[in-house]
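User: Hi! Could you walk me through this protein?
Analyst: Happy to, let's have a look together.

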Amino acid sequence: MIRKTVTCDRESCLALYLEPREPKDAQFEDMALEAGWVLQPAALALPGYPARPDVLAHLCPACAAGRGPVRERGACPTCSGTTEDLEAGSTCHYCRKVAPHLADEWC
Ligand SMILES: [Zn+2]
Ligand SMILES: [Zn+2]
C-alpha cells in the first residue's frame, strides 16, 4: 500500500511521520499537525534549517520543541525516533511522545 509520509527538513534530522495504517477521515496534513509537526513557510531561524522562504517547511515535533534533530530511528509513532520503556509507556527520546503500553501487545 502507498502511505503518505512527512519528513523533517532540518539538516541531519531523520524524523518521519507515516500515515496511520487505519484509514481516517482526517486529512494527512491535519494528522501530522495533531501529532506535533509544524508545517509552515520556511521562515524559521533555526541552525541547520534551509532558508527557503518559498518552500513549505516541515519541522518534526522534536525539532519544534528544541529537542531535535532525531539522529536514530525507532518506534515513536509521531517522529520515528528511538523510544525507551518507562512506566507510563514507550517514551520518545526526542519529542517525548508517550505511547501507552497496549494490553494485547504481548500476545
Ligand atoms: Zn526534526
Ligand atoms: Zn518522537
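This is a predicted model: local features need pLDDT of at least 70, side-chain atom pairs count only at pLDDT 80 or more; totals for chains, interfaces and linings use all residues.

**The nonpolar core**

User: Which residues touch the most other members of the largest nonpolar core?
Analyst: In that core of 19 residues, they are Cys13, Ala15, Cys60, Ala62, Val70, Cys79 and Cys95. A nonpolar core is a set of buried Ala, Val, Leu, Ile, Met, Phe, Trp, Tyr and Cys residues joined through C-beta atoms within 7 Å. A residue is buried if 20 or more other C-beta atoms lie within 10 Å of its own, exposed if 12 or fewer, and partly exposed in between, with C-beta atoms placed from the backbone.

User: Which elements give two or more residues to this core?
Analyst: Strand E4 (56–59) and helix H2 (61–64) do. Helices (H or I, at least four residues) and strands (E, at least two) are DSSP runs, numbered from the N terminus.

User: What is Cys79 in contact with?
Analyst: Leaving aside neighbours within four places in sequence, Cys79 has contacts that include Ala15, Tyr17, Cys60, Val70 and Cys95. Two residues are in contact if their C-beta atoms, placed from the backbone, lie within 7 Å.

User: Zooming out, how many helices and strands does the protein have?
Analyst: There are two helices and seven strands. Starting at the N terminus, their order is β-β-α-β-β-α-β-β-β. Of the 107 residues, 27% count as buried.

User: And which strands form the open sheet?
Analyst: Three strands do, in the order E5-E6-E7, with antiparallel pairing. E5 and E7 are the edge strands, each pairing on one side only. Two strands pair if DSSP finds at least two bridges between them.

User: How many bridges join E5 to E6?
Analyst: Four bridges link E5 (residues 83–86) and E6 (residues 89–92). Leu86 has Gly89 as its bridge partner in E6, and a hairpin joins the two strands through two residues.

User: What about E6 and E7?
Analyst: E6 pairs with E7 (residues 98–99) over two bridges, and Ser90 stands opposite Ala99. Their hairpin has five residues between the strands, and there Arg96 takes a positive phi near 65°.

Definitions and conventions:
Residues are numbered from 1 along each chain as its sequence is written. Chains are lettered from A and ligands numbered from 1 in the order in which they are written.
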